[in-house]
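Dear colleague,

Please find below the structure that I am handing over to you. My notes on it follow directly after.

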Amino acid sequence: MNAMMGRMNDQSNTDLIERFYTAFAERDGAEMAACYAPDAHFSDPVFTDLDGREAGAMWRMLTERGQDLKIDLVEHEANEAGGSARWIARYTFGETGRPVINDVQASFAIENGKIVDHHDDFSFYDWSRQALGASGFPAAEPLLAATLAEAKGDEALRRVAALALGQIG
């Protein structure tokens, strides 16, 4: 019986990961946010410590702004406790007009059909050189400051931008 329940959880977790990346490919940030538990945690090289609401705000921001965003779910797997995925984002970085291809490795902890912990890993150095040119990260600060100013009406989005700028820890 336990083996059967484990296989069912594996499939449920696989379905959740596929649902998340299908929503991403369709630029549906609200559906992506719905995949998270309310007390979920998200981190990546830019947004190092977001709660579930902040992660949802980040995905909504990225999917709304990514006019030519293309997401490819390259591979994924799941087990009873969570799963992993490798995905590639292709888009034009709006502030510079530069093309970006970001190869990301994701890991998930999943409980009760919701993501409770999500970590994306990618080379920030490679991303910043593609998005910003040879100057890399130092050029990102004014762009993130503009995002922060624009987000002042949305507290979760404001916190996402402030975290990226290192204004709060």
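**The nonpolar core**

In this predicted model, the largest nonpolar core has 35 residues, and Tyr21, Trp59 and Trp87 touch the most other members. Such a core is a set of buried Ala, Val, Leu, Ile, Met, Phe, Trp, Tyr and Cys residues joined through side-chain atoms within 4.5 Å, where buried means under 20% relative accessible area (1.4 Å probe, protein chains only). At least two core residues each come from helix H1 (2-25), E1, H3, E4, E5 and H4; helices (H or I, at least four residues) and strands (E, at least two) are DSSP runs, numbered from the N terminus. H1 gives the largest share, 6 residues.

Leaving aside neighbours within four places in sequence, Tyr21 is in contact (heavy atoms within 4.5 Å) with residues including Ile71, Leu73, Trp87 and Phe108.

**The sheet**

An open sheet of mixed pairing is formed by 6 strands in the order E2-E1-E6-E5-E4-E3; two strands pair if DSSP finds at least two bridges between them. Strand E2 (50-51) and strand E3 (70-78) are the edge strands, each pairing on one side only. E3 pairs with strand E4 (residues 82-93) in the antiparallel sense over 8 bridges.

Ala78 lies in strand E3 and stands opposite Gly83 in E4. Ala78 and Asn13 are 65 residues apart in sequence, yet 5.8 Å apart in space, C-alpha to C-alpha.

**Conventions**

Residues are numbered from 1 along each chain as its sequence is written. Local features need pLDDT of at least 70, side-chain atom pairs count only at pLDDT 80 or more, totals for chains, interfaces and linings use all residues, and side-chain values use heavy atoms, leaving out hydrogens and water.

Yours sincerely

Technical notes. Buried means under 20% relative accessible area, exposed over 50%, partly exposed in between (1.4 Å probe, protein chains only).
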